[in-house]
Amino acid sequence: MSVLASIKIRESLKVPTIIEATYRIVTPMFIGDAQQEATTISPQSVKGALRFWWRALMWGEIRAEKKFNTDELALKELHKQEAELFGSAKDETTKTGGHGKFSLKVSTAEYDSVKKDNAHANFRNYTAARYFGYGLMEAFGQNAGVLSRSCIQHNQTFSVTLIFKEQAEKSILDALTVMGLLGGLGSRVRRGIGSIQIETLTSTYNATKETKFIPPKTLDEYKTAITKYITQPNVSMPFSTFTNKTRIDCLVTKTTPFDVLNDLAKGMMMYRSWGKDGLVLGQDREGNFKTDHDWKYGKHVKDFHPRRVIFGLPHNYGKGAALAVMPELQNKPYPDGYFKHDRRASPLWLHIHQIGSQFIGVATLFPADFLPKGEKINAGGKNVPTKVEWSVLTNFLDGKTKQGSLRFPDKKAILKGENL
């Protein structure tokens, strides 16, 4: 028998591993096809989210190894392992890339949805929650809660199946779990919309089926699950990843997911919004970011840098503000690099999770390099050095309202991070 024939026989005898996970949709999911119609949950969407959580979990492990003692070396290794596991575009020159170690399928059930241009009954009844859905729905007025995009309704389940050619890697099981403890899918996922929670996770290998996860029934069990899968190494933070600076908090506990969304959104609106006539949501504003507000309305401040930029980019100090002070740019190509960094995902993740008969609002703060070293952001038409204040986010989580009460009085720490 030839060597090639022997290899083919061994390949054919490999026993596949089948990973099956089911998730519950906790809050409406704005996800869809090429026309942005919420009809299915695509494998690409799930795989993209899974990559995020896999990277977040794996960076600390790789960076902590002595042989990867620089960020450059560790990033190359992370990319290599990710490409091998998930697959990558094939490079015809180097003959590298191609399929990963597993195939991924998502159940194709017909999901209950709310169509575009229809009112979403729950969002219609929760004023603050609509703040998290800007661009997805009308926020105020007689059309409040009318959707600009369709969404898959909450309280439905979907299943994900991964088929490995041989035994599955533990890292992918961990990523599937953490995605279902802290994450979600679709637009505004970092603001709690499209939250999902893992309900079952099994692995079948060589005719033996094993349960890999049991859903937590109490907040203490939820905390135990988080600490089981997440470590906090003291390593650099070039992107959103679990390190010794990462913190996770349960901010609110309510009886419905929309009450949770509403409380989280109300807290953020009161904290960062200027409001109108001194009011936000009918209450006296906190007025925490006066300089940001003044700049927007033409009161220029030397070397202005928006403090709220730490919540993520784009921010309302970009092209519109630039045109206000530099009208010569109207209808002209912007200079090279002018708005190069008008996007940066928020380092603060909000997630809604059901624990027993209650729903909790969980905040995960990923301190990391906000932008590459030495790069600038556009602040009202001027490129200024990045000068972010992490205290803006920690004050949101820990601080007091204008009335002197804690913003989230029922907050409970799940994973404590070191001071920033």
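Analyst: Gladly! Two strands pair if DSSP finds at least two bridges between them. Strands (E, at least two residues) and helices (H or I, at least four) are DSSP runs, numbered from the N terminus. This is a predicted model, where local features need pLDDT of at least 70, side-chain atom pairs count only at pLDDT 80 or more, and totals for chains, interfaces and linings use all residues. Residues are numbered from 1 along each chain as its sequence is written, and side-chain values use heavy atoms, with hydrogens and water left out.

User: What makes strand 1 and strand 7 a pair?

Analyst: Strand 1 (residues 17-25) and strand 7 (residues 156-164) share 9 bridges in the antiparallel sense, and the definition asks for at least two. They therefore count as paired. Within this pairing, Ala-21 stands opposite Val-160 of strand 7.

User: Why are strand 4 and strand 9 said to stand at the edges?

Analyst: The open sheet has 5 strands in the order 4-7-1-8-9, with antiparallel pairing. Strand 4 (102-106) and strand 9 (208-213) each have a single partner strand, so one side of each is left without a neighbour in the sheet. From one strand to the next, the twist averages 20°; axes here are lines fitted to C-alpha atoms, for helices over the stretch in contact, and angles run from 0 to 180 degrees between N-to-C directions.

User: Why is Ile-230 called buried?

Analyst: Buried means under 20% relative accessible area, exposed over 50%, and partly exposed in between (1.4 Å probe, protein chains only). Ile-230 has 5% relative accessibility, so it counts as buried. This residue lies in the loop between helix 6 (219-229) and strand 10 (247-254).

User: Which residues is Ile-230 in contact with, leaving aside its neighbours within four places in sequence?

Analyst: Contact means heavy atoms within 4.5 Å. For Ile-230, the residues in contact include Val-178, Leu-182 and Phe-242. Val-178 is 52 residues away along the chain, yet the two C-alpha atoms are separated by 8.2 Å.

User: What makes a nonpolar core?

Analyst: It is a set of buried Ala, Val, Leu, Ile, Met, Phe, Trp, Tyr and Cys residues joined through side-chain atoms within 4.5 Å. The largest one has 63 residues, and Phe-242 and Leu-182 are among those touching the most other members. Helix 2 (residues 43-63) gives the largest share, 11 residues. A second, separate core of 50 residues includes Leu-147 and Val-392.
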